[in-house]
Amino acid sequence: MIKAKWGEQNERLIAVGLAVIGSGLRLIGLGARPLWFDEVISAVYARQDVATVLRLNAGDNHPPGYYLALKGWISLFGTEDAILRLFSVLPGVASIGLVWLIGKRLFPEAPRIGLVATGLMALSPFQIYFSQEVRNYSTLEFFALLAAFFWLRALEGNQWRDWLGLGVAGTLGLLCNFTTAFYLAALGLYPLFRLGYYWRNRVLWWLVGTMALTGLTSGLLLLPKLTSRLETIKGNFWIPTPDLLIVLRSFYTFLFGAIESERFLAAFGLAFLILVIVLVQLLSGLLKSAAVTGGNEGLRRTAWLLFAPLGLVFGVSLVFQPLYLDKALIACAPYYYLLIGWVIFRPDRPRPGGWILVGGPTALAIILALAALPDLYSGTINPLYIARYDAARVNQYLNEQAKPGDIVLSATDISWLPLVYYQPGLPPAKFPLKEYPYPNIFPDLIKVLGLEWLPQTEVANRTSRVWVVFEVNAPEATLRDPPHPANPGPDTNWLHSPDWQRDTLNWFDSRYRRVSATALDRLILVLYEK
């Protein structure tokens with residue numbers, strides 16, 4: 001007994017140490033990179049009064065809960081970039097502890113499995129990045145994990161307190177991010193595999209009641225958003241339809257988040273190797289326990305909690321509306337970490353030393369991923385679909401080069417909003433180009449900021465000199481270069497809306513004289529004169 005107690009104390013100390021390390025990694029570089037478009041939206045929302053937040057949010061893809069909570073946070077602590085990001089760090093750190101607690105419940109006979117998952121949770125750049133972003137993904141993960149924690153307790157003890165905890169966590173998660181619904185659906189569907197057992201012990205009764213009440217409560221709170229603006233919200237989605245390669249990429253992302261382009265193939269190959277080993281070992285473990293009623297329940301639950309939400313999001317993306325984003329599946333990643341831990345310390349392995357099979361590649365992957373962290377902190381590399389540039393640096397260049405009366409036109413929404421956010425009201429005047437197919441939230445956003453957009457045909461009536469800002473995929477090695485000449489044309493690797501940006505460039509080239517084109521970060525600034 002003394003030895004067991006000593007072991008528990010050591011496990012707790014290791015878990016706390018990992019959480020401390022994870023906290024430190026999440027606190028580094030909070031203000032090192034400017035907010036990108038999505039983060040600026042969060043910051044702008046949070047600065048408004050409650051009524052305006054709700055009005056702006058009516059056409060947003062996300063519920064208002066995160067924005068309202070962020071509003072309360074900045075009213076207490078301020079609006080600096082680091083303070084805004086700290087709000088996401090808190091649930092990100094709490095999620096590290098939740099993974100350890102969940103691991104202890106799923107694999108009580110092998111606590112090292114949970115510690116491996118806790119370590120991966122603390123060290124994964126994917127987790128670190130979204131624990132710093134001014135968006136709701138670390139909050140989504142926290143509430144999804146908290147709901148799963150109470151769900152595991154409720155399945156075992158069937159206590160009303162745990163069902164209440166599940167319901168509260170689920171409701172709060174839904175108020176922050178709609179993807180929570182897929183995680184809750186996975187929790188609700190799992191007992192169907194042992195329907196008779198869960199019916200007899202009345203777990204199923206409590207589960208159905210809890211899910212119904214959670215859905216009713218969150219549905220009533222979100223009713224105006226869900227009824228009046230559902231089609232509008234759908235109009236904001238730009239996500240491509242997923243395929244199996246995108247699903248495979250998710251498992252790379254869970255470990256690496258992002259990595260330098262020259263190391264991508266090595267990282268992807270390493271991630272694929274780990275995934276194959278985990279799937280083979282998982283299938284072996286599930287088949288081995290299939291003949292035993294209730295055998296290896298922790299493994300089955302872990303596999304379900306990983307693959308069920310992922311599969312539901314994938315299925316809905318194919319038949320209804322593309323929703324599949326790695327960052328929205330952030331709460332699936334901890335269960336993948338648990339499966340990696342299970343393969344390393346598989347309790348039913350007949351021979352010792354099998355941990356090398358996946359432990360070695362996993363350790364190498366983490367070393368490779370951590371080596372890229374400085375570039376992730378600075379914004380030199382980003383997870384997929386993060387369109388970041390240094391708005392303060394671009395503004396400084398425009399201030400130095402522009403003449404009185406110059407205006408700046410942005411070819412895309414992402415190339416406009418951060419520039420305005422970091423230099424509100426200062427010359428040169430910055431306008432979004434009206435013809436661009438903006439998401440539905442954009443008109444209200446422009447009104448709240450007290451600004452206007454400008455049609456192409458009216459540019460000549462405003463000025464004889466105009467800067468047009470384009471987004472491009474710039475090589476990582478060039479992002480910190482000083483401003484240098486560029487030659488945008490048919491072969492330019494546009495970052496967003498390539499056909500639109502190319503047509504916009506041609507339109508201005510045909511009507512104005514191109515004075516210069518300057519590459520700066522992930523933008524090209526083209527100066528035209530009439």
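**A look at the cavities**

Reply: The structure holds three cavities of 30 Å³ or more. Here, a cavity is a set of points on a 1 Å grid, laid over the protein atoms alone, where a 1.4 Å probe fits but cannot get out. Grid points are joined across faces, edges and corners, and a volume is the space filled by probe spheres set on the points. Please keep in mind that this is a predicted model, in which local features need pLDDT of at least 70 and side-chain atom pairs count only at pLDDT 80 or more, while totals for chains, interfaces and linings use all residues. Residues are numbered from 1 along each chain as its sequence is written, and side-chain values use heavy atoms, with hydrogens and water left out.

Let's begin with the largest cavity, which has a volume of about 90 Å³. Its lining residues, meaning those with an atom within 4 Å of a point, are Phe126, Phe130, Thr253, Gly257, Leu325, Asp326, Lys327, Pro383, Leu384 and Tyr385. Sorted by class, this lining has six nonpolar, two polar and two charged residues. In that sorting, Ala, Val, Leu, Ile, Met, Phe, Trp, Tyr, Cys and Pro count as nonpolar, Asp, Glu, Lys and Arg as charged, and the others, Gly among them, as polar.

Gly257 sits in the loop between helix H15 (244–256) and helix H16 (264–290). Helices (H or I, at least four residues) and strands (E, at least two) are DSSP runs, numbered from the N terminus. With a relative accessibility of 5%, Gly257 counts as buried, because buried means under 20% relative accessible area, exposed means over 50%, and partly exposed lies in between (1.4 Å probe, protein chains only). Gly257 also shows how the fold brings parts of the sequence together: Gly257 and Tyr129 are 128 residues apart in sequence, yet 7.6 Å apart in space, C-alpha to C-alpha.

Tyr385, also part of the lining of the largest cavity, is found in the loop between helix H20 (373–378) and helix H21 (391–401). Tyr385 has a positive phi of about 70 degrees although it is not a glycine. With a relative accessible area of 32%, Tyr385 is partly exposed, whereas Gly257 is buried.

Now for the second largest cavity, with a volume of about 60 Å³. Around this cavity you will find Ala144, Leu145, Ala148, Tyr183, Ala186, Leu187, Leu305, Pro309, Ala331 and Tyr335. Helix H8 (137–157), helix H10 (180–189) and helix H17 (297–319) are the elements that give two or more residues to this lining. What classes of residue make up the lining of the second largest cavity? There are 10 nonpolar residues, with no polar and no charged ones. The lining of the largest cavity, by contrast, includes two polar and two charged residues beside its six nonpolar ones.

Key:
On a 1 Å grid over the protein atoms alone, a cavity is a set of points where a 1.4 Å probe fits but cannot get out, and a pocket is an open set with protein on both sides within 12 Å along at least five of seven lines; lining residues have an atom within 4 Å of a point.
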